[in-house]
Every structure is written in C-alpha cells, then in structure tokens.
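Take a moment with the chain below.

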Amino acid sequence: MKVLVATEKPFAATAVEGIKKEIESAGNQVILLEKYTDNSQLLEAINDVDAMIVRSDKVTPEVLDAAKALKIVVRAGAGYDSIDTAYAKEKNIIVENTPGQNSNAVAELVFGLLVYAVRNFYNGKAGTELKDKKLGILAFGNVGRNVARIAKGFGMDIYAYDAYCPAEAIEAAGVHAVKSQDELFRTCDIISLHIPATPETKDSIDYRTVNQLPKGGILINTARKEVINEPELIKLLSERADLKYITDIKPDADTDFQQLEGRYFTTPKKMGAQTAEANTNAGIAAAKQINAFFKDGCTKYQVNK
Ligand code: 3PG
C-alpha cells in the first residue's frame, strides 16, 4: 500500500524517520510531500495513494476527488476541521485523528506565551506573576487537562468549563468546574481556549463574552482562529485598554490587532504542536493506525462515522 505523508508544515526529521520505519515495517511504502507550496502538488501526489497522513493540510472535495485509490486519511493531531469529513464519508474514505498525541506540546506553549504576556513581552517594565491568578480553561479535553496539570506547578487557581465533560470529571482532576462559559469568563483573570472549530463554536468568542473578563484580563488562544469573532474582539480591545489577546494562530485581521501595541501577540506560524516529541507521537500514532487499518480493518479513531 502507498502512504502519502503530505505536510505543508513539515514534521521534525525524527518524526519522519519514525513514520517511515513504522509504515515500512508493515510492508507499506511512504511517499513524502513536505513543505508543498501549491495545492496542485498535493493533487498530483494523492492520485494513486491508498492512505494519507496530514497535519492542518486542507483536505477539500477537490483533493479527495483527485485521489483514485484513497481509503483512509489520518490527521496527525487532534483538530480535523481542515478536512471535509462529510465528503470523505460520501466517498467511503475513513478519516481518523490521533487524539492526545500532541497535547502536552500545545499546553506547554500556553505557558510560554503566558509568561511572555504577563512580563510585558520582556520590555523591561515590571509585570505580574501567574501564581494565585485565576486561570479559566475553556474545554477540558486532552490539551485542557495538560494545561491544568502545568498550571498547578505555577500555583494558579484553576477553573474549567466544558459543555461535553461532566463537572465531576473536572473536579476529579483538581479543577473547579463552573456552570457556563459566561461564568468562566466572569470568574477568571486569564482564559485559555481549547475548543475545536465547529459550526457551534465559530465566532463564539465575541465582544459580549470577552467583555466579562475582569480588569487586566488575558485571552489566550492556542485552539483555532475561527472561534474568535475578530472584528468584535478588536472593537472591545480598542475600548478596554486593560485587556490582552495572545494567540498561536495569526488572525486574519493581524494588521488591525497589531495596532493594539503591547496588548497583542501572535506567533508567526502556528507553533503549539511543533515539537519533535509531538510530531513523533502524532506521526507514529498515525502510521500505526494506518497499518492497523490495512491489517485488521481497525477504525478505532474514525471521526466520520
Ligand atoms: C491539532 O489540532 O492537533 C493542533 O492544532 C496542531 O496542529 P498542527 O499539526 O497543524 O500543528
């Protein structure tokens, strides 16, 4: 079987080695398409492959139509909003993800960005500390849980809300469960977003929601840019000079956000899962899932049932 690894943002070299070893150990063949700059390269490479491993690469109907033998796509990562899962289903193509494999990397970056933000982007002026601050985790999945674990080391007071996770499970992790997203925003000094991009969450982080943050509040986004209502957030931040927005996903309105000097920061390219460990964990998990699918028909991590 031919397995295409198509990554516009490439894996670390060690991860690629691991993926190759895993796929080849099952008698399958790896085709590498890294750092591609044009969709036409993907359309050409996908033509005769049986399986594909991707990251946030856009898997559109056009891409799926160009694939004549494709049976399975594995997103080496958690979020699969970049894949047209419904269209893949129509075409009987299995879509899977590798939940949890890169979540520690994303959670660590939350704190890398937070320390930078509370120390005024290292401009020399006295900043503040994370200890004893109220941290609100929006969505208590794999990343949210890792954020809570690390926040304990910083001595933070941790809260979480997750529409799909029972309060008991949140409390069992030593985190205060609140009853609503609004309560989380009203309660916490810092909100860390970990919700997926879905039709329900799109634009959900809007003026009204963020305006509930107490004075000096910080919103940190290592999830998806689509969940932010950008025009409304810019309006709010221009009215409230006490708030900061820190993100790992460059907003469409980056130039407008840049006007908010000292209160906005974005990484140039989404960096959350960009560690050798996360790439290796997610990449090898994806390779194993593909081998298991071809060997036993295993579809444990299918997301388009
Ligand atoms: C994910 O959904 O797994 C993360 O957002 C990481 O995405 P990436 O593989 O594009 O860095």
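How far does helix α12 reach from its first C-alpha to its last? The model is predicted. In it, α12 covers residues 276-296, a run of 21 residues. Its end-to-end reach is 29 Å, close to the 30 Å expected at 1.5 Å a residue.

Now look at what α12 hides. Its buried residues are Ala278, Asn279, Ala282, Gly283, Ala285, Ala286, Ala287, Gln289, Ile290, Asn291 and Phe293. An α-helix has 3.6 residues a turn, so residues three or four places apart point the same way. Buried here means under 20% relative accessible area.

What covers these buried residues of α12? The cover includes the strands β1 (2-7), β3 (51-54), β4 (72-75) and β5 (94-97). It also includes the helices α1 (13-25) and α5 (103-118). Just after α12 comes glycine 297, with a positive phi of about 75°.

Step back to the whole chain. It holds 12 helices and 12 strands. The radius of gyration is 20 Å, close to the 19 Å that the globule rule gives for 305 residues, so the chain is as compact as a globular protein of that length. The C-alpha trace spans about 55 × 40 × 35 Å along its principal axes.

Of the 305 residues, 50% count as buried. Among contacts between residues at least 6 apart in sequence, 62% join residues at least 24 apart.

Last, the surface and the charges. The accessible surface comes to about 14,000 Å², and 50% of it belongs to carbon and sulfur atoms. The chain carries 38 positive and 41 negative side chains. The centres of these two sets lie 4 Å apart.

Note on methods:
Residues are numbered from 1 along each chain as its sequence is written. This is a predicted model: local features need pLDDT of at least 70, side-chain atom pairs count only at pLDDT 80 or more; totals for chains, interfaces and linings use all residues. Side-chain values use heavy atoms; hydrogens and water are left out. Helices (H or I, at least four residues) and strands (E, at least two) are DSSP runs, numbered from the N terminus. The radius of gyration is taken over C-alpha atoms; the globule rule is 2.2 Å times the number of residues to the power 0.38. Buried means under 20% relative accessible area, exposed over 50%, partly exposed in between (1.4 Å probe, protein chains only). Contact means heavy atoms within 4.5 Å. Accessible areas come from the Shrake-Rupley method with a 1.4 Å probe; for residues, only the protein chains shown count as cover. Lys and Arg count as positive and Asp and Glu as negative; His and the chain ends are not counted. The place of a charge is taken as NZ of Lys, CZ of Arg, CG of Asp or CD of Glu. The expected span of a helix is 1.5 Å times one less than its number of residues.
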